Amino acid sequence: FVMDQSKEQRILNSVSYNAVKGDPESVLDCIDNYCSQKEWAMNVGDEKGVILDKVVEEADPTIALEFGTYVGYSAIRIARLLKPNARLLTIEFNPEFASIAREIIEIAGLSEKITIIEGHSQDIIPQLREKYQVDKVDFVFLDHWKERYCPDTILLEECGYLKKGSILLADNIVYPGAPDFVKYIRSHKSFDCTNYPSHLEYMKVEDAMEKAVYMG
Ligand SMILES: Nc1ncnc2c1ncn2[C@@H]1O[C@H](Cn2cc(CNC(=O)c3cc([N+](=O)[O-])cc(O)c3O)nn2)[C@@H](O)[C@H]1O
Ligand SMILES: [Mg+2]
């Protein structure tokens with residue numbers, strides 16, 4: 001008896017069967033099609049994905065960081081825009097999701113640009129300097145547990161990873177919402193914030209993303 005597959009495994013099956021190997025766009029399209037037509041999943045999606053693209057292009061990061069890899073949709077979205085020697089570190093604590101993301105990222109042909117780090121963001125952040133040779137981060141995408149957005153932002157600052165011009169982008173500001181993060185970041189004198197209204201992935205529900213530029 002083979003345990004019923006998970007939704008995430010079914011997403012991988014769909015990508016493996018339908019996507020063009022080595023073509024990140026076709027992997028993104030395949031996941032968006034599957035999750036809008038078959039089974040909803042918490043990918044940033046194609047509407048908010050365009051906002052993510054624009055902010056990544058603005059940041060043009062050498063070192064990008066992501067909290068909450070899930071199946072790797074936003075990691076592929078980010079990494080496909082990175083310049084040759086740039087890289088993305090993405091943190092995921094669920095080992096099943098991490099291994100599915102690794103396979104989907106391999107299909108997209110982006111394994112060289114993306115490092116999946118398994119663990120809790122709060123445990124990994126302090127290790128980034130000595131274990132992953134990170135000095136400063138140029139771009140951070142927050143899409144993990146909403147109550148971790150604020151403490152992990154504080155931790156990034158305390159560890160000295162933010163430099164003048166570092167850009168943070170947070171998903172789900174409206175739904176499910178991250179009220180303590182919004183309150184903190186908008187009242188913090190060193191962050192210049194911009195709100196981008198949008199919709200919850202694959203739904204007609206209101207959502208938004210928040211960009212915060214660190215002013216040093
Ligand atoms: N502190 C953490 N450290 C490392 N990985 C984490 C952490 N918290 C969650 N994760 C991982 O993020 C992935 C995705 N994830 C994200 C969330 C929080 N995000 C949401 O709950 C969410 C929920 C909805 N929604 O309910 O409509 C829509 C969205 O876009 C969302 O990001 N929970 N799991 C999961 O694989 C989980 O293992
Ligand atoms: Mg999200």
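Predicted model: local features only at pLDDT ≥ 70, side-chain atom pairs only at ≥ 80, totals over all residues.
**Metal site**

I started with the magnesium ion (ligand 2). I found Asp143 (OD), Asp171 (OD) and Asn172 (OD1) coordinating the ion at 2.0 to 2.2 Å. I wrote the sequence spacing of these donor residues as D-x27-D-N. Next I placed two of the donors on the chain. Asp143 sits in the loop between strand 4 (137-142) and helix 8 (149-158), and Asn172 in the loop between strand 5 (162-170) and helix 9 (173-177), so this pair ties together parts that are 29 residues apart in sequence. I checked accessibility for Asp143 and Asn172, and both are buried.

**Salt bridges**

I counted 14 salt bridges. Asp171 and Lys48 meet through their side chains at 2.7 Å, N to O. Asp171 belongs to the loop between strand 5 and helix 9, while Lys48 is in helix 3 (residues 45-59), and the two are 123 residues apart. Both Asp171 and Lys48 are buried.

Lys48 also forms a salt bridge with Glu201, with the closest N and O atoms 2.7 Å apart. Glu201 lies in the loop between strand 6 (191-199) and strand 7 (206-214) and Lys48 in helix 3, so the pair ties together parts that are 153 residues apart in sequence. How accessible are the two partners, Lys48 and Glu201? I read 0% relative accessibility for Lys48, which therefore counts as buried. For Glu201 I read 4%, also buried because the limit is under 20%.

I then took the pair Glu58 and Lys211, whose side chains meet in a salt bridge of 2.8 Å, N to O. Glu58 is in helix 3 and Lys211 in strand 7, 153 residues apart. Glu58 is partly exposed at 44% relative accessible area, whereas Lys211 is buried at 8%. I also noted one network, in which salt bridges with shared partners join Glu25, Asp53, Arg77 and Arg80.

**Helix 8**

I listed the buried residues of helix 8 as Tyr149, Cys150, Asp152, Thr153, Leu155 and Leu156. What covers them? I found that the cover includes strand 1 (63-67), helix 6 (121-124), strand 4, strand 5, helix 10 (179-187) and strand 6. Just after helix 8, I noted Gly160 with a positive phi of about 75 degrees.

**Surface patch**

I looked for nonpolar side chains on the surface. Trp40, Met42, Val174, Tyr175, Met203 and Val205 form a patch there, with about 550 Å² of accessible area together. Of these I looked up Met42, which lies in the loop between helix 2 (24-37) and helix 3. Met42 has 46% relative accessibility and so counts as partly exposed.

**Nonpolar cores**

The largest nonpolar core has 46 residues, and the members touching the most others are Val15, Val27, Ile31, Leu52, Ile78, Ile104 and Phe139. Helix 5 (residues 95-108) gives the largest share of this core, 8 residues. Leaving aside neighbours within four places in sequence, Ile104 is in contact with Ile11, Leu12, Val15, Val27, Ile31, Val71 and Ile76. Apart from this core I found another, of 31 residues, among them Phe67, Ala178, Phe191 and Ala212.

Methods:
Residues numbered from 1 in each chain as written. Chains lettered and ligands numbered in written order. Heavy atoms only, no water. Donors = N, O, S within 2.8 Å, 3.2 Å for Na, K, Ca; no water. Helix = DSSP H or I, 4+ residues; strand = E, 2+ residues; numbered from the N terminus. Buried < 20%, exposed > 50% of the residue type's maximum accessible area, 1.4 Å probe, protein only. Salt bridge = Lys/Arg side-chain N within 4 Å of Asp/Glu carboxyl O. Contact = heavy atoms within 4.5 Å. Patch = residues over 30% accessible without salt bridge, like charges linked within 9 Å, V, L, I, M, F, W, Y side chains within 5 Å. Areas by Shrake-Rupley, 256 points an atom, 1.4 Å probe, with all protein chains shown as cover. Core = buried A, V, L, I, M, F, W, Y, C linked by side-chain atoms within 4.5 Å.
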